[in-house]
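Hello! Here is the structure I promised to pass on to you.

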Amino acid sequence: MPAKIASMPASNDSPFSEIGEPALAVRDQRGGLVAVAGRGGDNIPAPVAVYDTSDLGCRFIVHSRFPVHAMAFHPAFPLLAVGTGRYDGGYFFEGELLLLHLETGESRSLIEHEIGRQVLGLEWHDETALQVLMAPPEDWQDERARVEGHVAVVRRADWAAVPARSLTGRDLAGPRVPAMRPDGREAARHVLAEVSAAWRVQGADRLEDR
């Protein structure tokens, strides 16, 4: 279950301590938020936390059973799409498309089948359209499965009301495209360093104004 946390300002020594080593970070300039995913590990859920950039307080934290590859804030509403997944060691690329409601902390897994799809990329085209890049379902006799994927644009009039397990194979059908698997750790560290530096500057300014 997701945890809703009273947003407490971070101490000077422990911003983002809930995450451990960051694997991915994205900013929401409109809402003053940053979402950070940790690495997790074998049989260890990957944490995903949302922070307020004004004080680096942790607003929400959820745990994904798969590694996180993509996150995207909705352009208008308090929603965060999270794409996860992994190769199961046999044939399948399994994973989830999670939708986190930032006002309640509720999260929903949107893909209908339990095995799901490994989600590699997410991009909101507008308030109703979410582009989803996925690994192929499996790699049986498919030599390009690890460097290609399928892209689909899913449209819903009200994403806040989309039920769990409601995206079907028809919703997620799309053309085959190149789909590299980038390592987001270095970029995540850069984002968090920028956010932390801005937070410290704001704190210094507040002290000078007293």
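**What I found**

Glu 148 stands opposite Pro 178 in E15. Before I go on, please keep in mind that this is a predicted model, where local features need pLDDT of at least 70, side-chain atom pairs count only at pLDDT 80 or more, and totals for chains, interfaces and linings use all residues. Residues are numbered from 1 along each chain as its sequence is written, and side-chain values use heavy atoms, with hydrogens and water left out.

A few words on terms. Strands (E, at least two residues) are DSSP runs, as are helices (H or I, at least four residues), and the numbering starts at the N terminus. Two strands pair if DSSP finds at least two bridges between them.

**The sheet with E14 and E15**

The pair Glu 148 and Pro 178 belongs to strand E14 (residues 148–155) and E15, which pair in the antiparallel sense over three bridges. These strands sit in an open, antiparallel sheet of four strands, in the order E12-E13-E14-E15. Its edge strands are E12 (119–124) and E15 (176–178), each of which pairs on one side only. From one strand to the next, the twist averages 35 degrees (axes are lines fitted to C-alpha atoms, for helices over the stretch in contact, and angles run from 0 to 180 degrees between N-to-C directions).

**The sheet with E6 and E7**

Another open sheet has four strands in the order E6-E7-E10-E11, again with antiparallel pairing. Strand E6 (68–73) and strand E11 (107–109) each have a single partner strand, so one side of each has no neighbour in the sheet. Neighbouring strands here are turned by 20 degrees against each other on average, direction ignored.

E6 is joined to strand E7 (residues 79–84) by five bridges, and the two run antiparallel. A hairpin of five residues links E6 to E7, and Val 68 stands opposite Thr 84 in E7. Five of the six residues of E6 are buried (under 20% relative accessible area; exposed is over 50%, and partly exposed is in between, with a 1.4 Å probe and protein chains only). At the other end of the order, strand E10 (residues 97–101) and E11 pair over three bridges, with Leu 99 facing its bridge partner Arg 108.

**A buried serine**

Is Ser 64 buried or exposed? Ser 64, in strand E5 (residues 57–64), is buried, with a relative accessible area of 1%. A polar atom of the Ser 64 side chain lies 2.6 Å from the backbone oxygen of Phe 66. Leaving aside neighbours within four places in sequence, Ser 64 is in contact (heavy atoms within 4.5 Å) with Pro 45, Ala 46, Thr 84 and Leu 98.

**An enclosed strand**

Why is strand E3 (residues 33–38) largely enclosed by the rest of the structure? Six of its six residues are buried, so the strand is covered in this way. In a regular strand the side chains alternate between the two faces of the sheet. In E3, Leu 33, Ala 35 and Ala 37 are buried on one side, and Val 34, Val 36 and Gly 38 on the other.

E3 has antiparallel partners. Six bridges join strand E2 (residues 22–28) to E3, with Arg 27 opposite Val 34. Their hairpin has four residues between the strands, and in it Gly 32 takes a positive phi near 65 degrees. Five bridges join E3 to strand E4 (residues 46–52), where Ala 49 is the bridge partner of Val 36.

Enjoy exploring!

Conventions. A polar contact is a pair of N or O atoms within 3.5 Å; within protein, one must be able to donate a hydrogen and the other to accept it, and residues adjacent in sequence count only if both atoms are side-chain atoms.
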